[in-house]
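Take a moment with the sequence and the model below.

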Amino acid sequence: MGGILVHEFTTLDGIVDAPTWTFEFGFDPKMGEAIKALTGRSRAILLGRTTYEMFEPAWSSRTEEDDPGAPFFNDTQKYVVSSTLTEEQATWSNSVVFGPYDPEEIRELKAAIDGDIYVSGSGMLVRALLADGLVDELHLFVFPLTRGEGHRLFRERAEPLNLSLLACEPYDNGVIHLGYVPSPQTG
């Protein structure tokens, strides 16, 4: 059984919506190395519908020459959590519509995959996975800006979550990679 590895691009104020705001900072090659370390351990991808619909046109036509991450995204089995997407609409190679979010089905998927499961974006899905204790590693790439409004990873009045630092790496473009693992709740 593998773990669920979450990767998010976020602002200093916790915004994780469509990260077009990342473009002005460029993509430090060391960020790619950190993400490759996650994808290299992963044997499946778990996505929410919105992220799937953003990733499919962006990744499906890319080759390894275009982006070294393309083979992982195109060749790896993808599971899409959605109550509205149909199998016919899931046209990206190796994609399966998993149906609406069900923590027990996610636990069964974790047990069935021989390796880790990679999650990127998919804010609503990630919030549910965190609330149900299903995230094994949370990797935040924090960009040096605030947005003021947008979808946040941690919502107001969300249950408290204790985390232990796993990784901390600054990059030349001002981004910081913070990796965490869940730790027991105290008090």
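This predicted model holds twelve aromatic pairs. A pair of aromatic rings is described by the distance of the centres and the angle of the planes. Start with tyrosine 52 and tryptophan 92. Their ring centres lie 5.7 Å apart, and their planes meet at 50°. Planes under 30 degrees apart count as stacked and those over 60 as edge-to-face, with the rest called tilted. The pair of tyrosine 52 and tryptophan 92 is therefore tilted.

This pair links distant parts of the chain. Tyrosine 52 belongs to helix α2, residues 49-59. Tryptophan 92 sits in the loop between β3 (77-81) and β4 (95-99). The two are 40 residues apart. Are these residues buried or exposed? Tyrosine 52 has a relative accessible area of 2%, and tryptophan 92 has 3%. Buried means under 20%. Tyrosine 52 is therefore buried, and tryptophan 92 is buried too.

A second pair joins phenylalanine 72 and tyrosine 118. Here the centres are 5.6 Å apart and the planes stand at 85°, an edge-to-face arrangement. Again, distant parts of the chain are linked. Phenylalanine 72 comes from helix α3 (residues 70-75), and tyrosine 118 from strand β5 (residues 116-120). They are 46 residues apart. Both phenylalanine 72 and tyrosine 118 are buried.

Other rings form a cluster. Ring pairs link Phe9, Trp21, Phe25, Phe141, Phe143 and Tyr171. Some rings also have a charged residue over the face. Lysine 78 lies over the face of tryptophan 92, 4.5 Å from the ring centre.

Now step back to the whole chain. It has five helices and eight strands. Along the sequence they follow the pattern β-α-β-α-α-β-β-α-β-α-β-β-β. The radius of gyration is 16 Å, close to the 16 Å that the globule rule gives for 187 residues, so the chain is as compact as a globular protein of that length. Its C-alpha trace spans about 45 × 40 × 30 Å along the principal axes. Of the 187 residues, 46% count as buried. Take the contacts between residues at least 6 apart in sequence: 70% of them join residues at least 24 apart. The chain exposes about 9900 Å², and carbon and sulfur atoms supply 53% of that area.

Next, look inside. The largest nonpolar core has 27 residues. Which of them touch the most other members? They are Phe73, Phe141 and Phe143. Six elements each supply at least two residues of this core: β1 (4-11), α1 (29-41), β2 (42-48), α2, α3 and β6 (137-143). The largest share, four residues, comes from α1. Phenylalanine 141 also belongs to the ring cluster. Leaving aside residues up to four places away in sequence, phenylalanine 141 touches a set of residues including Phe9, Met31, Ile35, Tyr171 and Val175. A second, separate core holds 25 residues, among them Val16, Leu46, Leu129 and Leu178.

Just after α5 comes glycine 133, with a positive phi of about 70°.

Definitions and conventions
Residues numbered from 1 in each chain as written. Predicted model: local features only at pLDDT ≥ 70, side-chain atom pairs only at ≥ 80, totals over all residues. Heavy atoms only, no water. Phe/Tyr/Trp six-rings, centres within 6.5 Å; stacked < 30°, edge-to-face > 60°. Buried < 20%, exposed > 50% of the residue type's maximum accessible area, 1.4 Å probe, protein only. Lys NZ or Arg CZ within 6 Å of the ring centre and 35° of its normal. Rg over C-alpha atoms; globule rule 2.2 N^0.38 Å. Contact = heavy atoms within 4.5 Å. Areas by Shrake-Rupley, 256 points an atom, 1.4 Å probe, with all protein chains shown as cover. Core = buried A, V, L, I, M, F, W, Y, C linked by side-chain atoms within 4.5 Å.
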